[in-house]
Amino acid sequence: MPETELNNIALLIDADNTTPEGIDPVLTVMAELGQVNIRRAYGNFAKDNLSRWDKITNKFGIRPQQQFDVSKGKNATDMAMVIDAIDLLYQGKVDGFGIMTSDSDFTPLVTRLRQDGIVVYGFGEAKTPQAFKSVCTRFIDIKQLIANYAADRPGQRKSAKAESGGAVDEDLMELITAAYSEAKRDEKGYAKLQQVGQIAGNRSSFDVRNYGFKSLSDLFDTLDNFAVERHNGNQVYVKRLR
């Protein structure tokens with residue numbers, strides 16, 4: 001059997017604005033898109049606050065991109081990261097990007113990558129400005145992702161949110177209800193879960209992992225106002241009850 005051709009994915013890390021603890025779970029998520037062959041972390045690693053990246057870069061095969069501070073108050077690191085991303089775009093050899101940062105200054109970069117049809121996953125803290133979150137194909141709360149990842153590993157203590165199976169707030173409920181309303185439904189009112197998820201993804205950078213769920217079906221299984229049916233063991237359908 002011939003091997004399936006793997007997409008070439010680049011992970012670019014703004015070391016000043018993210019945490020090295022997130023590398024392992026981020027790489028796990030990026031495997032959804034393909035093989036992460038390009039792994040680069042940008043920052044002035046001579047600074048004490050970036051010393052933790054030393055062992056992480058070696059462990060996960062990340063290439064440190066050293067960028068000394070050229071001038072106080074100016075971020076040469078951001079410029080270097082943007083230049084590399086655009087270079088990779090125009091080389092035409094990258095099918096998707098992961099951008100680890102909580103800095104909204106990268107919003108124009110992600111917008112430009114998306115214009116070429118490139119999938120971009122953003123990984124940052126919940127405080128990341130909405131402007132950056134919205135332009136990503138998917139934006140994932142890195143702290144929640146780390147908590148979910150730890151909860152799935154033996155001997156790790158689960159967070160309260162992970163133990164509760166996730167949480168659905170008003171904004172999320174509004175999003176998935178609107179997505180269901182726009183999806184094609186059969187004579188009984190059931191819509192394919194996959195299509196509901198696609199519509200929700202097109203409307204925002206929505207990702208269920210931000211809410212403590214492993215999958216969209218896990219989320220819908222917790223909702224009292226939706227019925228879930230599984231056909232042929234694989235196809236999942238949902239129907240709004242009220």
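Student: Is Glu-32 buried, partly exposed or exposed?

Tutor: The general idea is to compare the relative accessible area with two cut-offs: under 20% is buried, over 50% is exposed, and values in between are partly exposed. In this predicted model, Glu-32 has a relative accessible area of 46%, so the residue is classed as partly exposed.

Student: With which residue does Glu-32 form a salt bridge?

Tutor: One looks for a side-chain nitrogen of Lys or Arg within 4 Å of a carboxyl oxygen of Asp or Glu. Here the partner of Glu-32 is Arg-209, and their closest N and O atoms are 2.4 Å apart. Glu-32 sits in the loop between helix 1 (23-30) and strand 2 (35-43), whereas Arg-209 belongs to the loop between helix 9 (193-203) and helix 10 (216-221); the pair therefore ties together parts that are 177 residues apart in sequence. Arg-209 counts as buried, at 14% relative accessibility.

Student: How many salt bridges does the structure hold?

Tutor: There are six. Among them is the pair of Lys-127 and Glu-125, whose closest N and O atoms are 3.7 Å apart. Lys-127 is exposed, with a relative accessible area of 65%, while Glu-125 is partly exposed at 25%. Another pair is Asp-221 with Arg-230, at 3.0 Å between the closest N and O atoms. Asp-221 is partly exposed, with a relative accessible area of 43%, and Arg-230 is partly exposed with a value of 43%.

Student: Let us turn to helices. Which residues of helix 4 are buried?

Tutor: In helix 4, which spans residues 107-115, the buried residues are Thr-107, Leu-109, Val-110 and Leu-113. Viewed down the helix axis, these buried residues fall within an arc of 160°, and so they line one face of helix 4.

Student: Which residues are exposed on the other side of helix 4?

Tutor: Pro-108 and Gln-115 are exposed there.

How values were computed:
Residues are numbered from 1 along each chain as its sequence is written. This is a predicted model: local features need pLDDT of at least 70, side-chain atom pairs count only at pLDDT 80 or more; totals for chains, interfaces and linings use all residues. Side-chain values use heavy atoms; hydrogens and water are left out. Buried means under 20% relative accessible area, exposed over 50%, partly exposed in between (1.4 Å probe, protein chains only). Helices (H or I, at least four residues) and strands (E, at least two) are DSSP runs, numbered from the N terminus. The arc is that of the directions from the helix axis to the C-beta atoms.
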